[in-house]
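This report describes how one protein chain is put together. Look at the sequence and the structure first, then read on.

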Amino acid sequence: GMEGYRIQIFRNSSKTAREESNKVRADFMVSFPGISSYADFAYPGWFLVRVGDFRTKMEGTKTLYMIRKKYPNAYLVPSIINFPDLKQD
């Protein structure tokens with residue numbers, strides 16, 4: 001991978017966090033089929049759902065505004081990302 005950004009749409013450490021994160025991720029995959037999603041775990045007990053693979057903050061911000069319509073608390077986080085396709089829009 002490489003350094004970049006992802007959009008975090010879920011973070012929880014409750015007893016049902018694993019199930020909730022799976023539901024959020026499944027819902028995201030239906031709503032935004034063209035954007036990769038990743039289930040993650042952060043010590044000491046946070047379940048996370050992060051989406052996208054963005055090389056720059058600016059690249060991620062465009063998608064963040066679109067995702068915030070459905071997930072208003074979403075935000076960009078630095079992350080190790082998969083190498084994104086270098087497609088020209």
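## The nonpolar core

The model is predicted. In soluble globular proteins, nonpolar side chains tend to be buried together. The largest nonpolar core here has 17 residues. Ile7, Ile9, Phe28, Val51, Ile67, Tyr71 and Ala74 are those with the most contacts inside this core. Which elements give two or more residues to the core? They are strand S1 (2–12), helix H1 (17–31), strand S3 (46–54) and helix H2 (57–67). S3 gives the most, with four residues.

Val51 shows how such a residue meets other parts of the chain. Neighbours within four places in sequence aside, Val51 is in contact with Arg6, Ile7, Ile9, Phe28, Ile35, Ser36, Ser37 and Ile67. Among these, Ile7, Ile9, Phe28 and Ile67 are also listed with the most contacts inside the core.

Ser37, one of the contacts of Val51, has its place in strand S2 (residues 37–42). Is Ser37 buried or exposed? Ser37 counts as buried, because its relative accessibility is 8% and the cut-off for buried is under 20%. Not counting residues up to four places away in sequence, Ser37 touches Arg25, Phe28, Met29, Arg50 and Val51.

## Helix H1

H1 has 15 residues, which at 1.5 Å a residue should span 21 Å.

The buried residues of H1 are Ala17, Ser21, Val24 and Phe28. Why do they count as being on the same side of H1? They cover an arc of only 65° around the axis, and therefore they share a side. Lys23 and Val30 are exposed on the other side of H1. The buried residues of H1 pack against S1, S2, S3 and H2.

Phe10 is a residue of strand S1. With a relative accessible area of 10%, Phe10 is buried. Its contacts, apart from neighbours within four places in sequence, are Ala17, Glu20, Ser21, Val24, Phe47, Leu48 and Val49. Ala17, Ser21 and Val24 in this list are among the buried residues of H1. Phe10 and Ala39 are 29 residues apart in sequence, and their C-alpha atoms are 9.4 Å apart in space.

## Aromatic rings

How many aromatic pairs does a search of the whole structure find? The search finds three. Phe28 and Tyr71 form one of them: their ring centres are 6.1 Å apart and their planes are at 45°, so the pair is tilted. Phe28 lies in helix H1 and Tyr71 in the loop between H2 and S4, so this pair ties together parts that are 43 residues apart in sequence. Both residues are buried, Phe28 with a relative accessible area of 0% and Tyr71 with 10%.

Phe41 and Phe47 form an edge-to-face pair, with 5.1 Å from centre to centre and 65° between the planes. Phe41 is partly exposed at 45% relative accessible area, whereas Phe47 counts as buried at 16%. Ring pairs also link Phe28, Phe32 and Tyr71 into a cluster.

The table gives the accessibility of the residues in the two pairs described above.

| Residue | Relative accessible area | Class |
|---|---|---|
| Phe28 | 0% | buried |
| Tyr71 | 10% | buried |
| Phe41 | 45% | partly exposed |
| Phe47 | 16% | buried |

Two arginines lie over rings. Arg6 lies over the face of Tyr38, at 3.6 Å from the ring centre. Arg11 has its charged end over the ring of Trp46, 3.7 Å from the centre of that ring.

## Two prolines in loops

Pro44 has its place in the loop between S2 and S3. The peptide bond from Tyr43 to Pro44 is cis, with omega near 10°.

Pro72 lies in the loop between H2 and strand S4 (75–81). Is Pro72 buried or exposed? Pro72 is exposed, because its relative accessible area is 60% and exposed means over 50%. Pro72 and Arg11 are 61 residues apart along the chain, and their C-alpha atoms are separated by 13 Å.

Technical notes. Residues numbered from 1 in each chain as written. Predicted model: local features only at pLDDT ≥ 70, side-chain atom pairs only at ≥ 80, totals over all residues. Heavy atoms only, no water. Core = buried A, V, L, I, M, F, W, Y, C linked by side-chain atoms within 4.5 Å. Buried < 20%, exposed > 50% of the residue type's maximum accessible area, 1.4 Å probe, protein only. Contact = heavy atoms within 4.5 Å. Expected span 1.5 Å × (residues − 1). Arc of directions from axis to C-beta. Phe/Tyr/Trp six-rings, centres within 6.5 Å; stacked < 30°, edge-to-face > 60°. Lys NZ or Arg CZ within 6 Å of the ring centre and 35° of its normal.
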